[in-house]
Amino acid sequence: MHDIQISTVGDKADLYRDLLSALDGLTAGEPDAIANMANAAALISEYVPDLNWAGFYRLVGGELVLGPFQGKAACIRIAIGAGVCGTAAATQTTQRIADVHAFPGHIACDAASASELVVPIVVDGVLVGVLDLDSPLRGRFDAEDQAGCEAMIALLGPRIA
Ligand code: SME
């Protein structure tokens, strides 16, 4: 077991700083992409509050394919450009959606999801996949959540490529 120290009493900046450090410790020196994505999903799911789904889609054969995650069983394949994940992949920009029901083409894997944050994973200019977080709360994700998740993906990207 890894000894993970995450502040649950500090502010959001403390939480993401601790998560980045824990993620570094869990994945440093481990070459297996699936293992690293699995531990990242477990870490985020345990410590980021108010999520109902946290995990990865990988770019395989020109489409997004479900990867390691925590949450309910989800859609397996998503076309580039489809839904929130496919839009993040197509544009290579983070999608922070306050109300998924107002997002054209949103793919409802879990009916409980109300807001979503999807960070594209781009390594050396090449799309590898996306990190997808869903919340049952509308407007759950703010700029700090986005920055915290983008920092984790910047660290993790080369370790899952
Ligand atoms: N809602 C996503 C699909 C993936 S699930 O949320 C796990 C989308 O619109 O791309």
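The questions and answers below go through the sheet, the helices and the cavity of a predicted model.

This model is predicted, with local features needing pLDDT of at least 70 and side-chain atom pairs counting only at pLDDT 80 or more, while totals for chains, interfaces and linings use all residues. Residues are numbered from 1 along each chain as its sequence is written, and side-chain values use heavy atoms, leaving out hydrogens and water.

Visitor: In what order do the strands of the open sheet lie?
Guide: Strands are DSSP runs (E, at least two residues), and helices are too (H or I, at least four), numbered from the N terminus. Two strands pair if DSSP finds at least two bridges between them. The 6 strands pair in the antiparallel sense, in the order 3-2-1-6-5-4.

Visitor: Which residue of strand 3 stands opposite L64?
Guide: Strand 2 (residues 63-71) pairs with strand 3 over 3 bridges, in the antiparallel sense. Opposite L64 stands I78.

Visitor: Are helix 2 and helix 4 roughly parallel or roughly antiparallel?
Guide: Axes are lines fitted to C-alpha atoms, for helices over the stretch in contact, and angles run from 0 to 180 degrees between N-to-C directions. Helix 2 (residues 33-47) and helix 4 (residues 143-160) pack at about 155 degrees, their axes 9 Å apart. Angles under 35 degrees count as roughly parallel, over 145 as roughly antiparallel, 65 to 115 as roughly perpendicular and the rest as oblique. The two helices are therefore roughly antiparallel.

Visitor: Which residues of helix 4 make the contact with helix 2?
Guide: Contact means heavy atoms within 4.5 Å. On the helix 2 side the contact is made by A33, N36, M37, A40 and I44. On the helix 4 side the residues are M152, L156, R159 and I160.

Visitor: How much space lies in the largest cavity?
Guide: On a 1 Å grid over the protein atoms alone, a cavity is a set of points where a 1.4 Å probe fits but cannot get out; lining residues have an atom within 4 Å of a point. Grid points are joined across faces, edges and corners, and the volume is the space filled by probe spheres set on the points. The count comes to 1 cavity of 30 Å³ or more. The space in the largest cavity is about 120 Å³.

Visitor: Which helix supplies the largest share of the lining of the largest cavity?
Guide: Strand 1 (53-60), helix 3 (83-91) and strand 6 (126-135) each supply at least two residues. The largest share, 3 residues, comes from helix 3.

Technical notes:
On a 1 Å grid over the protein atoms alone, a cavity is a set of points where a 1.4 Å probe fits but cannot get out, and a pocket is an open set with protein on both sides within 12 Å along at least five of seven lines; lining residues have an atom within 4 Å of a point.
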